Amino acid sequence: MTEKNQLWYLINGVLDGSYDIKTFCLEFTRIYDLEVDYDKLSEQENSEFGDLCGMAGRFSDDEEELKIPHMYYSEEQILDKARNLKKKLQNNTYKI
């Protein structure tokens, strides 16, 4: 499985409830930051995956942390981003 396929696997898994949000965030950031060859992704994929990775890297389930503006992201914000990313990229040439 390619790294891009792994990212899609994680996105689909978190959206269908197969992965909890903490596991998703840890694995998505690990794969995108450390394993993906960015040259193999389109400009739009790099942008969308990069944005989601940034959010996943700053996930928090602590209510006090979430009150700090623009610092942390909640589970719902990350799931919304994943849903939007999937909608934007679903017409590309690879299978989601």
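Reply: Contact here means heavy atoms within 4.5 Å, and please keep in mind throughout that this is a predicted model.

Me: Fine. What covers the buried residues of helix 5, then?

Reply: The cover over the buried residues of helix 5 includes helix 1 (3–16), helix 2 (21–35) and helix 3 (43–56).

Me: And which residues in helix 5 are buried?

Reply: In helix 5, the buried residues are Ile78, Leu79, Lys81, Ala82, Leu85 and Leu89. They cover an arc of only 160° around the axis, which puts them on the same side of helix 5.

Me: Why would residues three or four places apart point the same way?

Reply: An α-helix has 3.6 residues a turn, so residues at that spacing point the same way.

Me: How many residues does helix 5 have, and how far does it reach?

Reply: Helix 5 runs over residues 75–89, which is 15 residues, and from its first C-alpha to its last it reaches 21 Å, close to the 21 Å expected at 1.5 Å a residue.

Me: Switching to helix 1: which of its residues are buried, and what do they pack against?

Reply: Buried in helix 1 are Lys4, Leu7, Trp8, Leu10, Ile11, Asn12, Gly13 and Val14, and the buried residues of this helix pack against helix 2, helix 3 and helix 5.

Me: At what angle do helix 1 and helix 5 pack?

Reply: The angle between helix 1 and helix 5 is about 125°, and their axes are 10 Å apart. That makes helix 1 oblique to helix 5, and helix 1 passes helix 5 in a left-handed crossing.

Me: Which residues meet there?

Reply: From helix 1, Trp8, Ile11, Asn12, Val14 and Leu15 meet Leu79, Ala82, Arg83, Leu85, Lys86 and Leu89 in helix 5.

Me: Now helix 1 and helix 2: what is the angle there, and how far apart are the axes?

Reply: Helix 1 and helix 2 pack at about 165°, with their axes 10 Å apart. Since angles over 145 degrees count as roughly antiparallel, helix 1 and helix 2 are therefore roughly antiparallel to each other, and helix 1 passes helix 2 in a left-handed crossing.

Me: Last one: what follows helix 1?

Reply: Helix 1 is followed by Gly17, which has a positive phi, near 90°.

How values were computed:
Residues numbered from 1 in each chain as written. Predicted model: local features only at pLDDT ≥ 70, side-chain atom pairs only at ≥ 80, totals over all residues. Heavy atoms only, no water. Helix = DSSP H or I, 4+ residues; strand = E, 2+ residues; numbered from the N terminus. Expected span 1.5 Å × (residues − 1). Buried < 20%, exposed > 50% of the residue type's maximum accessible area, 1.4 Å probe, protein only. Arc of directions from axis to C-beta. Axes fitted to C-alpha atoms, helices over the stretch in contact; angles between N-to-C directions. Parallel < 35°, antiparallel > 145°, perpendicular 65-115°, else oblique. Left-handed = near helix turned anticlockwise from the far one by under 90°.
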